[in-house]
Amino acid sequence: MPTLAVSAVGLDRPGIIAGVAERLAAHGANITDSRVAILRGHFAITLIVEGGGRAELDADLATLGLEAVMVTEVPEAASHPRSEPTAVVSVHGADHPGIVAAVTRVLADADVNVCDLQTRLARQLYVMIIDVAVPPGLALEELDRRLRAVASEQGVTITLRQADADVL
Amino acid sequence: MAVREVVLHPHPLLTLCAARVDREGAAPVVEDLLDTMRWFGHCVGIAAPQIGEPVRVAVVDCSGHPKAPDAHGELILVNPVIVEASGSEVGREGCLSIPAFTANVRRATHITVEAEGLRFDSSGFEARAIQHEIDHLDGLLFLDKVDSLEADVFPRRSR
């Protein structure tokens, strides 16, 4: 059975998930993971499904009248995340294009894996919080130094701290 | 003596470490901080950088606040330092300089504070307010302390 990645974006309204899921079910595709977000009024869903034919599914989902639909065959990957977050990076400052690119480039070059990334924009204030997995060989102080350098280039504030390890 | 305009984030003064100040230097700032805090009504504390003064002065007043029954009343904090802290609790905070959001922030529940002419213990909501204001003096905002935008940061309706 093929593994498919399905993503769909539509102007937010009731019924988008129902429409997508009904068509998946009709093609015998089983949803094995999903993530939904409403981004500036656009509903976005990304799913991994097992089974169903890529081309048939693509054609069927296209009739839903959404803004974008994509169905791609993907190789099977580990069901567990590649790494658990060990630190949190907070970024905030005056909004401009390139903040995400500059900050995540520093992370990527340090082999730091992004586990989650959320952003908010309120007027000119841009806020981004990134959960990251820092490789064992990289000291937090060193990553902090590199992040401070990019913060000053971008004119934003970046704080790096250890992820809360509270487990109850 | 004046109600001052509150600096909104993003603003460079809000992320700078403020300078220590002597009592004479602090006096006019204290007046303006008190006037500005009172003018907002719902405000329980304000720090000098928020009115454009990069000095280590803040005022806090949680009197009458339902979450702070044991508050000390008006506190004038010049060069304040937290010398002891214990306990840990998540609570909701807002900030005059970040009007778009409120957030859940983890803070110590009991603190001992030293400032010019003062040494006192504080707990609960008042202790939270004091920690929030002292963070301002170090150029830190609650946005530096939240774990998740989705779970801990909430858009705020404009008042």
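1. Strands here are DSSP runs of E of at least two residues, and helices are runs of H or I of at least four, numbered from the N terminus. Two strands count as paired if DSSP finds at least two bridges between them.

2. On provenance, this is a predicted model: local features need pLDDT of at least 70, side-chain atom pairs count only at pLDDT 80 or more, and totals for chains, interfaces and linings use all residues. Residues are numbered from 1 along each chain as its sequence is written, while chains are lettered from A and ligands numbered from 1 in the order in which they are written.

3. The strand β3 (residues 42–50) of chain A runs antiparallel to β2(A), joined by 9 bridges. Asp33(A) is bridged to Ile48(A) of β3(A). The two strands form a hairpin with 2 residues between them. Arg40(A), in the turn, has a positive phi of about 50 degrees.

4. β3(A) also pairs with β1(A), again over 9 bridges and in the antiparallel sense. Ser7(A) finds its β3(A) bridge partner in Thr46(A).

5. The whole sheet is open, with 4 strands of chain A in the order β2-β3-β1-β4 and antiparallel pairing. β2 (30–39) and β4 (68–74) of chain A are the edge strands; each has a single partner, so one side of each lacks a neighbour in the sheet. Direction ignored, neighbouring strands are turned by 10 degrees against each other on average. Axes are lines fitted to C-alpha atoms, for helices over the stretch in contact; angles run from 0 to 180 degrees between N-to-C directions.

6. Two helices of chain A pack on this sheet. Helix α1 (residues 16–26) touches β1 (3–11), β2 and β3 of chain A, and its direction makes about 20 degrees with that of β3(A). Helix α2 (residues 54–62) touches β1 and β4 of chain A, at about 170 degrees to the direction of β4(A). Contact means C-beta atoms, placed from the backbone, within 7 Å.

7. Chain A is divided into domain 1 (3–74) and domain 2 (87–162). The bounds come from an automatic or database domain assignment. Taken over C-alpha atoms, the centres of these two domains of chain A are separated by 31 Å.

8. Now the chain contact. Chain A gives 16 residues and chain B gives 13 residues. On the chain A side, β5 (87–94), β6 (113–122), β7 (125–133) and β8 (156–162) each supply at least two residues. The largest share, 5 residues, comes from β5(A).
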